[in-house]
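Here is a briefing on one chain. Look over the sequence and the model before reading the points below.

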Amino acid sequence: MSFTDINSGRDTTVESSSSAVSWGPIIAGSVTAAAASVLLTLLGSGLGLTIVSPWASQSASLTTFAVSTAIWLILIQWLSSGLGGYLTGRLRTKWTGVHTNEVYFRDTAHGFIAWALATLFVAALLGSAVTSTISTGVKAASSVVSGTANATASAAGAAANDTSVSYFVDSLLRPATPANATSPDSASQAAGEVSRILLNAATTGTLPPDDRNYLDQVVASRTGLSEADAKARVDAVLARADEAKKAAAEAADKARKAGATAAFMAAFSLLIGAFIASVAAALGGHHRDTDEETNLAATNKAYK
């Protein structure tokens, strides 16, 4: 409120002693929004689990799962933020002597603060429980789509540590001709040696010529095939292994892209929630002031 000082002729502004922030409505709106978010999140998680099956042919792809989850996150923010923001604006007390534009700004700010408080509340206190529930469905869908990639990566990581030394030892003690191996358990030793050669090739991405020639000799010696047939068999197996590696890499890349999309949509949904909460609070405050003015006018008319 401003008035003119008689002595100096200057405009003097008197600040209100009450705060422009009404924490009561903000806390009420944020608690309501948080509760609605948890309820809708659990509901969406329950609905999402219905599209996951242990059989790959009956489950939705990870991309479909991520998109449906992102859409549901936007709906959660839309509904919960709208409800919490509206209650924040509707429950605050009427500001007297404040310009209409300032009232709209305060209501908008109250809605945004209520949304921020609800978001922090859910993330800090309820995030672990909700995340644990949702992750059950996400992990199931991920394993259906990218199980091959996970298994290949785990096997390669474990083999890199366990067989690297054994591979070089095999290279030192490798017989000149596989048929000359006279150990009683030479068959199992040969199988282990071949496994380590293949794992080393998968880890390094290349198969040295010496290892390739030795594989041809081992296969020919153990199977009784001719050298040409053994070489053809090795070529076929290596081609299948390369295809499996490419398929695993593609599945892992799809899972990564789907995860990035879900994260982006989650952030986008939060922005939508902030906007909806701010607008809803302004709308709730407008309805509150309009209803009060209407009721006051009706009361004054009744006493006249």
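R92 sits in the loop that links α2 to α3. The model is predicted, and R92 is buried in it, with a relative accessible area of 1%.

**R92 and its surroundings**
- Which residues does R92 touch, leaving out those up to four places away in sequence? They are S22, P25, V103, D107, G285, R288 and D289.
- One of these partners, D107, is 15 residues from R92 in sequence, and the two C-alpha atoms are 8.8 Å apart.
- R92 counts as buried because its 1% relative accessible area falls under the 20% cut-off.

**Overall architecture**
- The chain has 304 residues, and 29% of them are buried.
- Seven helices and two strands make up its elements.
- Read from the N terminus, the order is β-β-α-α-α-α-α-α-α.
- Take the contacts with a separation of 6 or more: 75% of them join residues 24 or more positions apart.

**Confidence**
- The average pLDDT of the chain is 74, and 63% of the residues reach at least 70.
- Among the elements, helix α1 (residues 23-49) has the highest mean pLDDT, 85. Strand β1 (residues 2-4) has the lowest, 44.
- Residues 1-6 have pLDDT below 50, and the model gives this stretch 14 contacts beyond near neighbours in sequence.
- Residues 144-153 also stay under 50. Here the model has 15 contacts beyond four places in sequence.
- Where pLDDT is low, the predicted coordinates should not be read in detail.

- Eight residues form the largest nonpolar core: A190, I197, Y214, L215, V218, V219, A230 and V234.
- Helices α5 (186-204), α6 (209-223) and α7 (227-303) each give two or more residues to this core.
- Which element gives the most to this core? It is α6, with four residues.
- The buried residues of α6 are D211, R212, Y214, L215, D216, V218 and V219.
- α6 has 15 residues and spans 21 Å from its first C-alpha to its last, close to the 21 Å expected at 1.5 Å a residue.
- G224 follows α6 and has a positive phi, near 80°.

**Aromatic side chains**
- How many aromatic pairs does a search of the whole structure find? It finds one.
- The pair is F112 with W115: the ring centres are 5.4 Å apart and the planes meet at 40°, so the pair is tilted.
- Both residues belong to helix α3 (residues 100-162) and are three residues apart, about one turn of the helix.
- An α-helix has 3.6 residues a turn, so residues three or four places apart point the same way.
- Is F112 buried or partly exposed? F112 is partly exposed, at 41% relative accessible area. W115 counts as buried, at 16% relative accessibility.
- A charge also meets a ring: the charged end of R106 sits over the ring of W95, 5.3 Å from its centre.

**Two residues of helix α2**
- Q77 lies in helix α2 (residues 62-91). Its relative accessibility is 11%, so Q77 counts as buried.
- Not counting residues up to four places away in sequence, Q77 touches G82, W115, S269, L270 and G273. Among them is W115, the buried member of the aromatic pair.
- T69 is also found in helix α2. At 27% relative accessibility, T69 counts as partly exposed.
- T69 and S45 are 24 residues apart in sequence, and their C-alpha atoms are 8.6 Å apart in space.

Conventions: Residues are numbered from 1 along each chain as its sequence is written. Side-chain values use heavy atoms; hydrogens and water are left out. A nonpolar core is a set of buried Ala, Val, Leu, Ile, Met, Phe, Trp, Tyr and Cys residues joined through side-chain atoms within 4.5 Å. Buried means under 20% relative accessible area, exposed over 50%, partly exposed in between (1.4 Å probe, protein chains only). pLDDT is the predictor's confidence in each residue, from 0 to 100. Contact means heavy atoms within 4.5 Å. Rings of Phe, Tyr and Trp (its six-membered ring) pair if their centres lie within 6.5 Å; planes under 30 degrees apart count as stacked, over 60 as edge-to-face and the rest as tilted. A charge sits over a ring if NZ of Lys or CZ of Arg is within 6 Å of the ring centre and within 35 degrees of the ring normal. The expected span of a helix is 1.5 Å times one less than its number of residues.
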